[in-house]
Amino acid sequence: MLTQRQGIVVWLHSLKQAKLLRRYGNVIYISKKLKYVVFYCNSEDTDTLVEKLNKQSYVKKVEVSHKPSIKTHYENSRPDKAKEYDYKMGL
């Protein structure tokens, strides 16, 4: 079964410790210029992970992604008439 995942962005003082974040979840992206790491973890473990990461000396700031809480089903979305015409023409 698929588990619910949560994205976390960790801002670091130095990138030397970026590899240490692999033990907390799956590292997706490391920005060398802005010194942050994006990784995913299980959504049940998010609160405890944020507390653990904030206690680390090499961490500046921890941000949690808001994507799971954003509504993606739109009720009043109507297709554009010009696009419908283009699709019918085969363009």
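Me: Patches first: they're made of residues with over 30% relative accessible area and no salt bridge, joined within 9 Å for like charges and within 5 Å for nonpolar side chains (Val, Leu, Ile, Met, Phe, Trp, Tyr). Which residues make the nonpolar surface patch?

Reply: I28, Y29 and Y40 make a nonpolar patch of about 310 Å². Areas here come from the Shrake-Rupley method with a 1.4 Å probe, and for residues only the protein chains shown count as cover. The salt bridge in your rule is a side-chain nitrogen of Lys or Arg within 4 Å of a carboxyl oxygen of Asp or Glu.

Me: Before I go on, what kind of model is it?

Reply: It's a predicted model, where local features need pLDDT of at least 70 and side-chain atom pairs count only at pLDDT 80 or more, while totals for chains, interfaces and linings use all residues. Numbering runs from 1 along each chain as its sequence is written, and side-chain values use heavy atoms, with hydrogens and water left out.

Me: OK. How many helices and strands?

Reply: The protein chain has 2 helices and 4 strands, in the order β-β-β-α-β-α along the sequence. They're DSSP runs numbered from the N terminus: helices are H or I with at least four residues, strands are E with at least two.

Me: Back to I28. Buried or exposed?

Reply: I28 is exposed, at 52% relative accessible area. The cut-offs are under 20% for buried, over 50% for exposed and partly exposed in between, with a 1.4 Å probe and protein chains only. I28 sits in strand 2, residues 26-31.

Me: What does strand 2 pair with?

Reply: Strand 3 (residues 36-42), antiparallel, over 5 bridges; pairing takes at least two DSSP bridges between the strands. S31 is opposite Y36 of strand 3.

Me: And what's in that hairpin between the strands?

Reply: There are 4 residues between strand 2 and strand 3. K35 belongs to that loop, and K35 has a positive phi of about 60 degrees although it isn't a glycine. K35 is partly exposed, with a relative accessible area of 35%.

Me: What is H13 in contact with, leaving aside neighbours within four places?

Reply: K35 again, plus S57, Y58, V59 and K60. Contact means heavy atoms within 4.5 Å. H13 is in the loop between strand 1 (5-12) and strand 2, and H13 counts as partly exposed at 43%.

Me: How far apart are H13 and V59 in sequence and in space?

Reply: 46 residues in sequence, but 6.3 Å in space, C-alpha to C-alpha. Across the protein chain, among contacts with a separation of 6 or more, 62% join residues 24 or more positions apart.

Me: Changing topic: how many salt bridges does the count come to?

Reply: The count comes to 1. K61 pairs with E63, with the closest N and O atoms 3.2 Å apart.

Me: Why would they pair?

Reply: Because side chains of opposite charge can pair when their charged atoms come close. K61 is partly exposed at 43%, and E63 is partly exposed too, at 33%.

Me: What about T46, buried or exposed?

Reply: T46 is buried, with a relative accessible area of 7%. T46 lies in helix 1, residues 46-55.

Me: What does T46 touch?

Reply: Q6, I8, C41 and V64, not counting residues up to four places away. The T46 side chain also reaches the backbone oxygen of S43 at 3.1 Å.

Me: And how much of the protein chain is buried?

Reply: Buried residues make up 24% of the 91. The chain exposes about 7,800 Å², with carbon and sulfur atoms supplying 52% of that.

Key
A polar contact is a pair of N or O atoms within 3.5 Å; within protein, one must be able to donate a hydrogen and the other to accept it, and residues adjacent in sequence count only if both atoms are side-chain atoms.
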